[in-house]
Amino acid sequence: MNAYHANPRDPSGFLKQAKKQLGQNFLRERGIIEKIVLALSPKADEHIVEIGPGQGALTLPILQKTGKLTAIEFDRDLIAPLTQAAEASGGELNLIHRDVLQVDFSQLANTLGGKIRLIGNLPYNLSSPILFHALAHAHAICDMHFMLQKEVVERMAAAEGSKVYGRLSVMLQAYCQVTPLITVPPGAFRPAPKVDSAVVRLVPHPPEAIQVADRARFADIVRAAFAQRRKTLHNALRELCDDADIRAAGLEPQMRAEQVPVAGFIALASQSSQNSLR
Ligand code: SAM
């Protein structure tokens, strides 16, 4: 039996059944799709790359505006119908059948001839790995528009002092401007997820504005500081820096990670990496 029916007019229709293990919650609400495409505001001369095009809910309206699009999809059952739907729409879809985590965005940008704009209603089980993967290639990316669980977007955009401020907030804000855009209720998807979703825009800071000198050390410090968020910096960072480093970064050893602004972590990483070289 055919696993799909290709119908470009019905973006909910390729698969008989969505695959939970691939985080398949397909967008079906026209109004939300239009809002996302409006927020993206795609232009014909841009290199737009969609992660997880699924049944084309975003792909086909973007293609209509740009005439061409690159998309990365892991589910082989979606490749043929999506290709057919794109052909029927008259657009040029460059469909890459691969796990997005195996795609080198820098290389892709080179191949396409310029920085890319990433868009995707992401598989929620892979949101953090995809975000960190994209961060590693931030120099090759103009901006990103991602649909994620609302709770994840709140963590990404949180400021110090907030209950949800954590590793994700610090790591993303050190490299990107994070702007939540649209809240999306479960009913906008088929099947409906259990939680609210939200669309967020990430714009990587220009390289000269990124203050992180030693990325690996910065990541280690942030991870250790939030591993047990009730611990003081003095206790949580014992292995990585001493009280003198903490004070030299303008912080206090008795502070907890959730009280430290992004700039404080950046200063601490640079202070402690200078000391480790002595
Ligand atoms: N963009 C479509 C929409 O909005 O209706 C589908 C979104 S659905 C939440 C996530 C999509 O990501 C699915 O099509 C799924 O097959 C795909 N996907 C899951 N894991 C993937 C991976 N590792 N690499 C690329 N695509 C993946």
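Is C142 buried, exposed or partly exposed? With a relative accessible area of 35%, C142 is partly exposed, where buried means under 20% relative accessible area, exposed means over 50%, and partly exposed lies in between (1.4 Å probe, protein chains only). The structure is a predicted model, in which local features need pLDDT of at least 70 and side-chain atom pairs count only at pLDDT 80 or more, while totals for chains, interfaces and linings use all residues. Residues are numbered from 1 along each chain as its sequence is written, and side-chain values use heavy atoms, with hydrogens and water left out.

**The chain as a whole**

- The protein chain holds 11 helices and 9 strands; these are DSSP runs numbered from the N terminus, with helices being H or I over at least four residues and strands being E over at least two.
- The radius of gyration of the protein chain is 21 Å, which agrees with the value near 19 Å that a compact globule of 278 residues would have; this radius is taken over C-alpha atoms, and the globule rule is 2.2 Å times the number of residues to the power 0.38.
- Taken along the principal axes, the box filled by the C-alpha atoms of the protein chain is roughly 65 × 40 × 30 Å.
- Of the 278 residues in the protein chain, 50% are buried.
- Among the contacts in the protein chain with a separation of 6 or more, 66% come from residues 24 or more positions apart, a contact being heavy atoms within 4.5 Å.
- The protein chain exposes about 13,300 Å², and carbon and sulfur atoms supply 49% of this area, which comes from the Shrake-Rupley method with a 1.4 Å probe, where for residues only the protein chains shown count as cover.

**Cysteines**

- A search of the whole structure finds 0 disulfides, a disulfide being a pair of cysteine sulfur atoms within 2.5 Å.
- For C142, the closest cysteine sulfur is that of C176, and because the two sulfurs are 12 Å apart, they are too far from each other for a bond.
- C241 is buried, since its relative accessible area is 8%.

**Helix 2 and strand 3**

- Helix 2, which covers residues 59–66, is mostly covered, with 6 of its 8 residues buried, and these buried residues are T59, L60, P61, I62, L63 and T66.
- The cover over the buried residues of helix 2 includes helix 1 (30–40), strand 2 (47–51), strand 3, helix 3 (76–89), strand 4 (92–97) and strand 5 (116–121).
- Just after helix 2 comes G67, which takes a positive phi of about 80°.
- T70 has its place in strand 3, residues 68–73, and counts as buried because its relative accessibility is 4%.
- Leaving aside residues up to four places away in sequence, T70 touches I48, V49, E50, N94, I96, L108 and L112.

**Backbone features to look for**

- Most residues other than glycine have a negative phi, and most peptide bonds are trans.
- S41 has a positive phi of about 50° although it is not a glycine; S41 sits in the loop between helix 1 and strand 2 and is partly exposed, with a relative accessible area of 33%.
- The peptide bond from R190 to P191 is cis, with omega near -10°, and P191 is found in the loop between strand 8 (189–190) and strand 9 (197–204).

- M171 lies in helix 7, residues 167–175, and is buried, with a relative accessible area of 6%.
- Not counting residues up to four places away in sequence, M171 touches F132, L135, F218, A219 and V222, while the C-alpha atoms of M171 and A209, which are 38 residues apart along the chain, are separated by 15 Å.
- N125 lies in the loop between strand 5 and helix 5 (127–135), and, with residues up to four places away in sequence not counted, N125 touches Q21, L22 and G23.
- N125 and L148 are 23 residues apart in sequence, and their C-alpha atoms are 9.8 Å apart in space.
- A213 lies in the loop between strand 9 and helix 8 (215–227) and is exposed, with a relative accessible area of 71%.
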